[in-house]
Amino acid sequence: MAIVGANGHGRWHRRVVAPLHAAGRLRLVALVDVRPVEDDPAAPVPDGTLVGTDHREMLRAARPDVVVVCTPPHTHLPIALDCLAAGADLLLEKPPVLSTAEHRELAAALAATGRACQVGFQALGSAALARLTDAIRAGRLGDVTGIATVAAWQRPDGYYARAPWAGRRTLHGRPVLDGALANPLAHAVMQCLAVAEAAAGDGPVRPVRVEVERYRVRPIEVDDTATLRVLSRSGPPVVAAVTLAGEDFVAGEVIVTGTAGRAVLEYPTDRLLLPGDAGPREVPGRRGLLENLLAHRADPAGVPLIAPLARTAPFTAVLEAVTAAPEPTPLGGDLVSATGTGAERVLTVRGINRLLRRAADEGALLSELGVPWATRPHRRDLEEAGGTATHCN
């Protein structure tokens, strides 16, 4: 196997690969990055591993069976297509692509080549998520009436200097969308869509309307604070209320409300509260996406992928609607406070944790809560069959 995008988050993939290489489960044959590959004591580069800067040259020279693609999102599709054409299966970081059209193009290439593509939503391998969806299917919550997520993180100024595409809406004429909803808190949105899938009982949900409000506390082109609502024909509404300018840290909760009770999954820690439980309980166990892909290669019929491309289609539809939304509304003045200096400076929105918690609990957007600085939401209707959209601001 090979890794394209071996620095940054790619180092996390190298640490996953290292013990599998040492155990003989796979052989790491190549690392590719446009910058010199960084040393990592937890993932030393094996002797004989090709290290280079051009993924096409690597594909010709190393001929890997599996490629991890961990590059900026706007580069995913062309690199993925090259890997498939070279006969490799994929572990493609999230977001897999940036539009429904790109999603269809990649799906067509997978069908034409017969290759497999796992998408890097690793939280989908959580045993806690499986226990929650089993409880929903068993009727323990009754009829599910709403699904929401709330998360409050902090990102310093240095986060937005990590790469040329950081904080950008486009780069060199191509969409990038490095926002809270699309990148660091994409897992929160995808977990909600997975829960909606279980509640609907008929495979991936098909969004028909997306409503989004986006805000920013820095001179960036994307959101660092947002509320989002996804409506579908077959499932309950999904609301996301997230920020990277939080007052207190909220790791990320998925809140499921039903006619017979309420469940809360803290997805980064796999802590789960189900109706009747005295308190949240950690549900240990996560199936790794790479190991699952290897098992699927060995037994395609018997071992389904955890995060196949098709399962991420609703997320791509939501992401496309976010891409089409106007630039985020800037927040400032007395509403925003700063702590720290230089690259470690952190900006915080006053009262944001309480507001986001309320939005998640009530299934509402910030503008629907009477927040004085909130703006009118951007609404986008999606045609269920064709995936095209109309604006309805």
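Predicted model: local features only at pLDDT ≥ 70, side-chain atom pairs only at ≥ 80, totals over all residues.
Visitor: How many aromatic pairs does a search of the whole structure find?
Guide: The search finds 3.

Visitor: Why is the pair of F121 and F315 called edge-to-face?
Guide: The ring centres are 5.1 Å apart, and centres within 6.5 Å make a pair. The planes stand at 70°. Planes over 60 degrees apart count as edge-to-face, so F121 and F315 are an edge-to-face pair.

Visitor: What makes this a link between distant parts of the chain?
Guide: F121 lies in the loop between β6 (117-119) and α5 (127-137), while F315 is in helix α8 (residues 313-324). They are 194 residues apart. F121 and F315 are both buried.

Visitor: What makes Y159 and Y160 an edge-to-face pair?
Guide: Their ring centres are 5.0 Å apart, and their planes are at 90°. The cut-offs are within 6.5 Å and over 60 degrees, so the pair is edge-to-face. Y159 and Y160 are buried too.

Visitor: Which residues lie over the ring of Y159?
Guide: The charged end of R155 sits over that ring, 5.2 Å from its centre. R162 lies over the face of Y159, at 4.0 Å from the ring centre.

Visitor: How do you know whether D223 is buried or exposed?
Guide: Its relative accessible area is 2%. Buried means under 20%, so D223 is buried. D223 is in the loop between β10 (207-216) and β11 (225-232).

Visitor: What does the side chain of D223 reach?
Guide: The side chain of D223 reaches the backbone nitrogen of L181 at 3.3 Å. The cut-off for a polar contact is within 3.5 Å. Residues that D223 touches include R214, Y215 and V322.

Technical notes:
Residues numbered from 1 in each chain as written. Heavy atoms only, no water. Phe/Tyr/Trp six-rings, centres within 6.5 Å; stacked < 30°, edge-to-face > 60°. Helix = DSSP H or I, 4+ residues; strand = E, 2+ residues; numbered from the N terminus. Buried < 20%, exposed > 50% of the residue type's maximum accessible area, 1.4 Å probe, protein only. Lys NZ or Arg CZ within 6 Å of the ring centre and 35° of its normal. Polar contact = N/O pair within 3.5 Å; in protein donor to acceptor, adjacent residues only side chain to side chain. Contact = heavy atoms within 4.5 Å. Lists of a residue's contacts leave out its neighbours within four places in sequence.
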